[in-house]
Amino acid sequence: MAKIVRLEPIAQETSVETNGNLLSVLINKDLDVLKECGGRGMCATCHVYVKEGMEALSAINRREQRTLEVITSCKPNSRLACQARVLKNGVVVELPPGMYINSLKDIEALIGRRAEQDLLHPLTGQVLVEAGKLITRSTLKQIEDTTSFNVGAYFSHSTDV
């Protein structure tokens, strides 16, 4: 039987099959979710906040907990949408503000413009460029120099536990 999930701040409700994950809800609503690790709970690109109904979701597993520990914007109500399975009605999900950066090419075209929203690191959720701030070549260079920014290398060295 389908369960209803509410998405904030866009004020939309959608249904998901019992035991379906929150990631499928986000994808069905055409929301910009990178799912960089392919839904394995190893990246922060599907990080959401559960405003209500945490008890209506599956428990946090060890892999999800380890990933949540490195997200700088993590709160007690944080979940990875790919790992959180909907078991009951009453779940209200708040989408974190900001846009995750998948690659340097994503922001090269934005140099010289002001960020419309916070630009976030794909693994840690760290704010790389704050909303309203100018995106500069030096910002790009700073991101290039971040060794932890190599998303592909991160996933090639990760193992399932």
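Guide: Start with a term: buried means under 20% relative accessible area, exposed over 50%, and partly exposed in between, using a 1.4 Å probe and protein chains only. This is a predicted model: local features need pLDDT of at least 70, side-chain atom pairs count only at pLDDT 80 or more, and totals for chains, interfaces and linings use all residues. Residues are numbered from 1 along each chain as its sequence is written, and side-chain values use heavy atoms, with hydrogens and water left out.

Now helix 2, residues 62–69. Helices (H or I, at least four residues) and strands (E, at least two) are DSSP runs, numbered from the N terminus. Arg63, Glu64, Thr67 and Leu68 of helix 2 are buried. They span an arc of only 135° around the axis, so they sit on the same side of helix 2. That arc is taken from the directions from the helix axis to the C-beta atoms. An α-helix has 3.6 residues a turn, so residues three or four places apart point the same way.

The cover over these buried residues includes strand 3 (47–52) and strand 4 (78–80). Contact here means heavy atoms within 4.5 Å. On the face turned away from the buried side are the exposed residues Arg62 and Glu69.

Glu64 also makes a salt bridge with Arg79, with the closest N and O atoms 2.7 Å apart. Glu64 lies in helix 2 and Arg79 in strand 4, so the pair ties together parts that are 15 residues apart in sequence. A salt bridge is a side-chain nitrogen of Lys or Arg within 4 Å of a carboxyl oxygen of Asp or Glu. Both Glu64 and Arg79 are buried.
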